[in-house]
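I opened my notebook to write down, step by step, what I looked up and what I found.

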Amino acid sequence: MSGLKLDWILTKLAAVAVFAAALGVALPAVAQHKANENDMEVPTNDMKVVEAGKAWFGRRCAFCHGTGGHGAKGPCLTCGIFKYSGNTNSDIYVTIATGVPKTIGGTMGAFGTTMNQDEILSVITFMRWEEKRRIDAGEIPDPYKNKNEEPMVFPKSN
């Protein structure tokens, strides 16, 4: 392919991206994380956001959830399974912002008044990036692998 033709294609792709951004349309990106089609996406491919999230995690979460979110006094947050909330990024956002009341088994303060939306999203981005890193390294089983498995069926009692 000639350099001129390649330049033309790249120019057109850039124009489409700018136009889509102006309309508020998100173009699909590689290495983004969504738990399902209705979940909000976090930019796990943006290392600036991952690093910011890692820093916020270290300041706000590591005391209870351990360095890297591997678990300590509080549960593991980079294992892909969330005991007190759903496994979606949206559910995790709500949990961080509003906390976990003692009535559902844990106690975690609400960070929605001390962290802004971008800071909370960066923490979720870091958690999902670290989760993927741990799955790829074989440190934890892939929690998404058997997602389509049939649910267990229990016999009916009399």
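**Before starting.** I noted that this is a predicted model, in which local features need pLDDT of at least 70 and side-chain atom pairs count only at pLDDT 80 or more, while totals for chains, interfaces and linings use all residues. Residues are numbered from 1 along each chain as its sequence is written, and side-chain values use heavy atoms, with hydrogens and water left out.

**Entry 1: the overall picture.** I looked up the secondary structure and found 5 helices and 0 strands, where helices (H or I, at least four residues) and strands (E, at least two) are DSSP runs, numbered from the N terminus. Along the sequence this reads as α-α-α-α-α. I then looked up burial: of the 158 residues in the protein, 30% are buried, a word that stands for under 20% relative accessible area, with exposed meaning over 50% and partly exposed in between (1.4 Å probe, protein chains only). The accessible surface comes to about 10,800 Å², and 61% of it belongs to carbon and sulfur atoms; such areas come from the Shrake-Rupley method with a 1.4 Å probe, and for residues only the protein chains shown count as cover.

**Entry 2: how two helices meet.** I turned to helix α2 (residues 47-60) and α5, which pack at an angle of about 100° with their axes 7 Å apart. The axes are lines fitted to C-alpha atoms, for helices over the stretch in contact, and the angles run from 0 to 180 degrees between N-to-C directions. The two helices are therefore roughly perpendicular to each other, given that 65 to 115 degrees counts as roughly perpendicular, under 35 as roughly parallel, over 145 as roughly antiparallel and the rest as oblique.

**Entry 3: E130.** Is E130 buried or exposed? I found E130 in helix α5 (residues 117-136), and at 6% relative accessibility it counts as buried. Its side chain is joined to that of H70 by a polar contact of 2.9 Å, meaning a pair of N or O atoms within 3.5 Å, where within protein one must be able to donate a hydrogen and the other to accept it, and residues adjacent in sequence count only if both atoms are side-chain atoms. Not counting residues up to four places away in sequence, E130 touches G68, H70 and T78.

**Entry 4: the cysteines.** A disulfide is a covalent bond between the sulfur atoms of two cysteines; here the rule asks for a pair of cysteine sulfur atoms within 2.5 Å, and the count comes to 1. That disulfide is formed by C76 and C79, with their sulfur atoms 2.1 Å apart. The torsion about their S-S bond is about 90°, so the disulfide is right-handed. C76, at 15% relative accessibility, counts as buried, whereas C79, at 22%, counts as partly exposed.

C61 counts as buried at 10% relative accessibility, and C64 counts as partly exposed at 26%. I placed C64 in helix α3 (residues 62-65), and, leaving aside neighbours within four places in sequence, C64 is in contact with A72, K73 and G74. The C-alpha atoms of C64 and C76, 12 residues apart along the chain, are separated by 9.5 Å.

Technical notes
Contact means heavy atoms within 4.5 Å.
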